[in-house]
Amino acid sequence: MSASIPVSNHLDNTTDDPTRRAPLIVGDNDFHSVTEAVCGIVEMPKTPPAWWIAFFISVSLTGVLFAMITYLITTGVGVWGLQTPVAWGWAIVNFVFWVGIGHAGTLISAILFLLRQRWRTSINRFAEGMTIFAVCCAGIFPGIHVGRVWVAYWLAPLPNQMSMWPNFRSPLLWDVFAVGTYATVSLLFWYMGMIPDLASIRDRAKSKIRWFIYGILSLGWRSSNRHWHRFEMAYLLLAALATPLVLSVHSVVSFDFAVSIIPGWHTTIFPPYFVAGAIFSGFAMVVTLVIPTRKFFHLEEIITLRHLESMSKIMLATGMMVGLAYSTEFFIAWYSGNAYESFAFLNRAFGPYAWAYWIMVSCNVLVPQIFWVKKFRTNLVVLWVASILINVGMWFERFVIVVSSLSRDFLPSSWGYYTPSIVDVMTFVGSFGLFMTLFLLFVRFLPIVGMAEVKGVMPQAHLKDVAALGHGDYHGDILTEKGEV
Amino acid sequence: MTEDKSNDIFTFPKWTSILRPGIALAAVGGLVYASVLVYLGFSPLATDVGYMPTQPVPYSHAVHVGQLGMDCRYCHTGVEVAAAAAIPPTQTCMNCHSKVRSNSEKLIPVRESYATGMPVPWIKIHDLPDYVYFDHSAHVRRGVGCVSCHGRIDTMEVVYQAEPLSMGWCLECHRNPEQHLRPAEFVTQLDWVPEEDQLALGAKLREANNINPPTDCNTCHR
Amino acid sequence: MTADTTSRTNPNDGAELFGLVASFDKIDEFLEAVTKVRDAGFSKWDTHTPFVVHGLDAAMGIKPTKLPFLVFGAGLTGCTAGIALQWFTNAVDYPFLISGKPIFSLPANIPVAFEMTILFAAISALVGMLAFNGLPQLSHPLHSSRLMKRATDDKFLISIEAADPKFELVKTHELLESLGPLAVEVVEV
Amino acid sequence: MQYWRSMDELAQTPEFKEAVKREFPNDEWDRLPPATRRQFLKVMGASVAFAGLTSCRWPKQEIVPFAHRPEGRTPGIPEQYATSIDVGGSALGLLVTSMDGRPIKNEGNPLHPDSLGALPATIQSDILALYDPDRSQGLVLRQGGQDYVKTWDDFHTWASEKVAGTGAGVAVFAESSSSPTVARLQQQFRQTFADAAWVEYEPISRDAEREGTAIAYGRPLRVQPHLDHARVIACFDADPFLAHPAAIPLSRAFTEGRQPSEAGISRLWVAEPGYTITGGQADHRKAVAGSQVPNLLASLARELVANHQLELPEQAMNFEAAFGSANADGGDFIPGLAADLMAHRGSSVILVGHGQAAEVHALAAVLNEGLGAVGSTLTYTEAPDPGRSNHLQAIADLVASMNSGVVDTLMILGGNPVYDAPADLGFAEALAKVSHTVHLGLYDDETSKLCSWQLPRAHSLESWGDGRAWDGTLTLQQPLIEPLYGGRSTIEILAAMLGESNPSGHDSVRDTMSASFADGDFETAWKNALHDGIVSDTAWEPAVTELDGSSLAAAGTALATLVGAAKPTAHSPELVLAADRKVFDGRWSNNAWQQELPDAITKATWDNVLEVAPVTARELGLSEGDMVEISAGGASLELPVCVIPGQAAATLSTSLGYGRTAAGTVGNDVGSDTYRLRTSASLWVIPEVGVAKTGRKIALATTQDHFAIDAIGFGARNDRISTLIRETNIDRYLADPDVIQHMDHHPPLVSLWKDKQYPGEQWGMAIDLNACNGCNACVVACQAENNIPVVGREQVINQREMHWIRIDRYFKTEPGVGPLDVEDAEIVFQPMTCIQCENAPCEQVCPVAATQHTEDGINAMIYNRCIGTRYCSNNCPLKVRRFNFFNYHKELADVEKLQFNPEVTVRSRGVMEKCTYCVQRIQAVRIGARNDNRPIADGEIVPACAQTCPTKAITFGDLNNPESEISHLRGDKRAYGTLVELNIRPRTQYLARLSNKVGGDGGGGHAPPHHADDSDHGKEG
């Protein structure tokens, strides 16, 4: 089928011909070759040195992270640049940043799944993994930013001798529940999707230890169709549950700000604005990671150029959404006639933090505009650089929201200017270390492509005449199938 | 592992099939166990109640209060006017013991203290956290008996902590004080029992003296 | 390997049988075979595929699963638990006066209730799926079958258990052979 | 966490004994008499309560009761004792709170004329000095580079040899004292040792005023202004509201004259080089160089005489010639003031500051005579010690005789001349020439380091004494605690030198008093005096005065030269020195509360800054924080620039008392020592100083960002000030009292749910911005009452200061003025602390409910519940919450912890804190009232800030009681809330400021509605 599409380079499947469905996998792959390609990574006899180098760097950065946390907890949050009025600084910025990134995975797995976007299959595992790791990093910050970590468990509604309970009116508590749920569900989703692939690795095991580990992890999966049947249903349900969840999580995070009264925070637009931003940054991070990975592990045929192009289109769309949000904020600030509100936004754009504001605007609104051009969408270097710039921009978006609003609120007497301490910076850098460490372990020891799902969307997996067997197909690609036949 | 049918296929032994109920059990049981452990382990019920240190002087409340029938206020003078009931000065002991048992060995520390002016280092038993501000006068004047918090001191050879003195325990009484209210004259009478039903009496007294204990945080925390 | 697989398995060497396994590598043939086995009226049989093969459920005549009801129930429980928790803690057990707001008002409680709903439902979805499937089950006779090794890779298998009333080693063996498999294997317990 | 609490529990663990030993050298400790040791245990006691809550059952605690409990002492019940403290020759009455034998808080003595129940920040902070571990802790004899620990007996035996016979070669250097006992002993000393010299010196001296009166009236007199009768007050470089021994009665009297009434309010004219808090209250203020003040005053005199035909008394005729040459370009200040004064003859007064020359004071005296002020708005009393020569002269003579070797034994009883004597005298060098030198002082300071003997001085709370208020009222001083460091008082030293074997301050004072209470039974009189702290009706009678023409005429030429003084220019500006508003002459340098207190005007902490006018800063190319080198007379030093609008051009202002080298761990090397530029020729105004940029820039530890700010912020701030701090002119207010309410408009405040009803006592507060002059007294009172930590310079720079009360200082500029072209500006103050919103934004965001509302309407903060998310602080529209970023008490010595108020939890790291209306005081009163079944009377509960406010600007009470004062104030037309448009329902409201400009309408235009249907006004909740 792929042969019938006129392409110069067999790896370029980005041609848009409405009469034909572009292949999701290129090259003459069959089921086995896919298995080989993916399991091959895990089964590599010898770990490549490049991996070791990357791993060493990441682990040492992780070390820095934990050193900083220890210092923080033993000394007090004063080691950060926090102060009055700006009592939330990088910790919260980083939290929102990482949670945002953590949105791509579930979005790709769940929403694209429900939307029948079959191209997701090649990247969803990867993105889900990234989600988990991002959420891990995110989870750290609200944990350590409290003044008395040792009593942070008071956030949980546990019966106690004080007969005290947490205050459920506080957005911060909503956060605890939202992020907690999101982490759990993402983990379930990720693991469940992985079970059949773990079974493949188990069945290919040559060594007892490998067989043992993957045997345990795959829970004795026999790829029985009676199991597949329920597996599919469970997957569908999880997807259906994760979709509103992923939208709710960043909405709830945005409540931390929207529910307060601080000018620049107290905005009804926040939930959609934050969700769009989250998806935006999430996809950017996927692209940043996937480009080197597919090259390094030779997965170009499975994670194809078309996948990258589609993601850049999504970034373009979401980028424009945040752009719209920025301008709406200004309009409302002016239209509301609220003096404090309008000052807050003028101050953002032209006050002491103008530099941060304009970095944010140029990275998040201007940079994605290049994706109107196909040449850029399909140029890996451009795409990669752009995705990194977008991540930078999204971090600054959170910085601008958190810091610039706090630094100048109602009483001019208590205005201040926040500058991060070295500990702030090292902690943030360290969190990347943790993220990369987990990610590297993932690509080395777990199936980074959902083989079972990829195989399911390969041409070989399709019958000449499906309808004859009247099946409960959920992919809903019958039309395109028909169009093809 | 089990003996393989053929050396290139690994399989798990049969007994692993008990894994499933095992996991289920561990999941449920562990949860219950943990919560019980935490609840009991961290509750003052377990940590504080029954705390009975040895005092420098083997002073027996059982003798002084139980047998001799001394009133609490004879020694704990602050109880009706101040936050602190106050441990009596050595002076107070000597009021009697300069004559009674004036050369008992047990009283050596007391006599020393009286002579040198150096205090007797009593060990604190009913020890609230330093961020809790309990006022004896506020309770005693409203008719909350000593016994409610300190137990039957008049029967204690060596004093120990009878009640948990935890926040939840305080709140219980602040929410419905009826069960602990008594006529003012019986406040220090540890063995007093009401003729009528305590709750009825409590309700009456509460009505009469309009006792509405606040449960605001800054009632006890400042 | 096809030929010797069959030959090596000795139908009557006394060891207790689990059943037979046949493997295919073309979906169409496989589905044909499945329908045949189904029509042969076996009940204790199964198919094993590397991925979800569309139409296989119908071909095997599997009834839809009850999982959704379980998940729905769990979701409801979560939601109720969420609201009950907030109502009990903040409005009943120790009511606080906060920002002059009502002691109990739904709007403030929606986020937590919602998250609890999702959490309960999601967990029940995975756990339910595993429970219905009888997983984890590390030890299963089929794991000792060679053909099974490719079931997670690129082959499509049909397994018929000896426990099936209609099972007769020779007959069933022939039936499977007649479906044109790559190989047929006798699996012992 | 660490928490502090002490009932009658006193601790005695090994660790604790260690601590005591560390604090106090062994010999000292062992030599203490049992009584003292008991006192010790008592006061040191509960420090064991600092054992952290580490395990489920925290460490074993001991209860160490008295062996012999003092009469009528109930453990855990605080007691107040009346005593006094003498500062610069005037005694201020105190009521000191003592908890289980530990003095923990200084409050004012309501019966004392200079206190009236209030206290300035400095005296309140003095309680820290009592427990200061840096205090001199034993007698030291320095010989041949060796330090020897000595006893009092050693010293007195030595002294009896040195100070003997006729006392030849002996000189006593004493700081000025108002104590009759000291005076009596001084007399005896002089009689006994006829040849001994007695020198009195104060670096911050009011001698100029004294000499001025001497010129005018032929003999030294003390000026007693009565501002409550004054309708027009003109201050020339005078700061009666802070830099005056009677500052409190003066500012309170002024406030009374400013209360709105049909008759209008008094009007304040101020001409001064740099902003003072008096200047901040002015209706008309003129920034004028210090050297030009004589010219300005003379011009006023000329204006009065020439254009208003004011007849001056004939004794002053020749004097008139002197100001004929006056030519100050006061703009409309002089004509306006002159007219005003003439219009209010007999009810106006002219005050001149102690920094101006005697002749200027004389001129003021003449004008006051002419304006009929004397006898009504101003009276004179005889100077208490007419005999003494002025301080400057005295010390100059002493140094001379030290150099000439006449003095061989110098006894320095208090004071720190090596540090604060005029630089040109070279006191230190002279001291080296004296063979035997003794220094009695609280600290082992700059002077004692150069003396052979250092004697520990007893703190005023440790010793007996007496004194006289500014108006002469007799005041007693009684100890609340045995000397912690075995110190002795001046009285005891003198008594000993006069041969008393066992000197007792108590007896000496009784002896003096026995003379004073003429009639009646002495014991009762003594008991009453001790109880009241004062002896009533002992104020001095007004003196009968008569201008002295001859001495006036003689002073004429001197005045003329002053009037003709050259104007400073930006490139050779003048430097104006002043006593610091916090550390005064340097005596409170080691006082952490004072060091961290934001200066009323500059809001700078932990530094003395160089106040520069914007225009001068531009001309010299200086900006905020620049380190500049100031040089004069060979000496030079560096100061950081702080640009202050309203500062006189070409005039640099800074304060004395910093740059100490032997102050102690707190005060050493803080700021720079401006005494080094101070010479006997120019004590207050140093002309033609050199200014050079060093190129270095430092971060000023200010608690409020000063006016250097970007255009957007500057604009927004100016827009907001008018609604935050509402102000209008009295005439306009009388015409339309609702004007205040119309200054801000917001949409109707609708709530989503039914409003909570608040039955029972509902606490509320009103702060009168018309009375507040930003003196900072409340800030320190709050700090002392609530155990508020000191965070240090670095943390203040990081904007982490902990004061619960923040006195917001704004510069009001004309609309349309940009940040770069500000020249002059009015100052307005707004004390800002938690306003206890009913719909508090902080409460709803706390995830653990650590801050919530109580039934009596207080926004409670529960420290032990707080986990430190800081969300509440973010969501507080006023940013009045304070977070413990570190454990700020970790560094404290145990002895310092004795000052803590046991009724308030000491917060540890990671915890949010804030004002709670002094909930501990509310609880104390409530429990007491409930115990004896009575309602709480209005005014029975007084928060620390309200208690100590010199101008009674703060009122607290029950909003549900229609009779309470607070209810009346809340009904006042001037009452308004801050940020009410947020529907936060503040419990603390402000009363608008009233100005009284000549013909000014003073702002207060009807604000444009924020919203179409605007019904609600500023007043709300």
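Trainee: What makes D:Asp626 count as buried or exposed?

Mentor: Keep in mind that this is a predicted model. D:Asp626 has a relative accessible area of 7%, and buried means under 20%, so D:Asp626 is buried.

Trainee: And which label does D:Lys697 get, buried or exposed?

Mentor: Exposed: the cut-off is over 50%, and D:Lys697 comes in at 51% relative accessibility, so it passes.

Trainee: How do you know that D:Lys697 and D:Asp626 meet in a salt bridge?

Mentor: Look at the N to O distance between their side chains, which is 3.1 Å. The limit for a Lys or Arg nitrogen and a carboxyl oxygen is within 4 Å, so the pair qualifies. This pair links distant parts of the chain, with D:Lys697 in strand 27 (residues 690-697) and D:Asp626 in strand 23 (residues 626-632), 71 residues apart.

Trainee: Where do D:Arg206 and D:Glu209 sit, buried or exposed?

Mentor: Both are buried, and their side chains meet in a salt bridge at 3.6 Å, N to O. Salt bridges can also join up: D:Glu200, D:Asp207, D:Arg210, D:Asp385 and D:Arg388 are linked in a network of them. Over all chains, the structure holds 66 salt bridges.

Trainee: Now the whole chain. How do you know whether the radius of gyration of chain D agrees with a compact globule?

Mentor: With 1021 residues, a compact globule would come out near 31 Å, and chain D has 29 Å, so the two agree. The C-alpha trace spans about 90 × 85 × 65 Å along its principal axes.

Trainee: How many of the residues in chain D are buried, as a percentage?

Mentor: Buried residues make up 66% of the 1021. Chain D exposes about 32600 Å², with carbon and sulfur atoms supplying 53% of that.

Trainee: And what is chain D built from?

Mentor: Its secondary structure comes to 33 helices and 39 strands. Among contacts between residues at least 6 apart in sequence, 76% join residues at least 24 apart.

Conventions: Residues are numbered from 1 along each chain as its sequence is written. Chains are lettered from A and ligands numbered from 1 in the order in which they are written. This is a predicted model: local features need pLDDT of at least 70, side-chain atom pairs count only at pLDDT 80 or more; totals for chains, interfaces and linings use all residues. Side-chain values use heavy atoms; hydrogens and water are left out. Helices (H or I, at least four residues) and strands (E, at least two) are DSSP runs, numbered from the N terminus. The radius of gyration is taken over C-alpha atoms; the globule rule is 2.2 Å times the number of residues to the power 0.38. Buried means under 20% relative accessible area, exposed over 50%, partly exposed in between (1.4 Å probe, protein chains only). Contact means heavy atoms within 4.5 Å. Accessible areas come from the Shrake-Rupley method with a 1.4 Å probe; for residues, only the protein chains shown count as cover.
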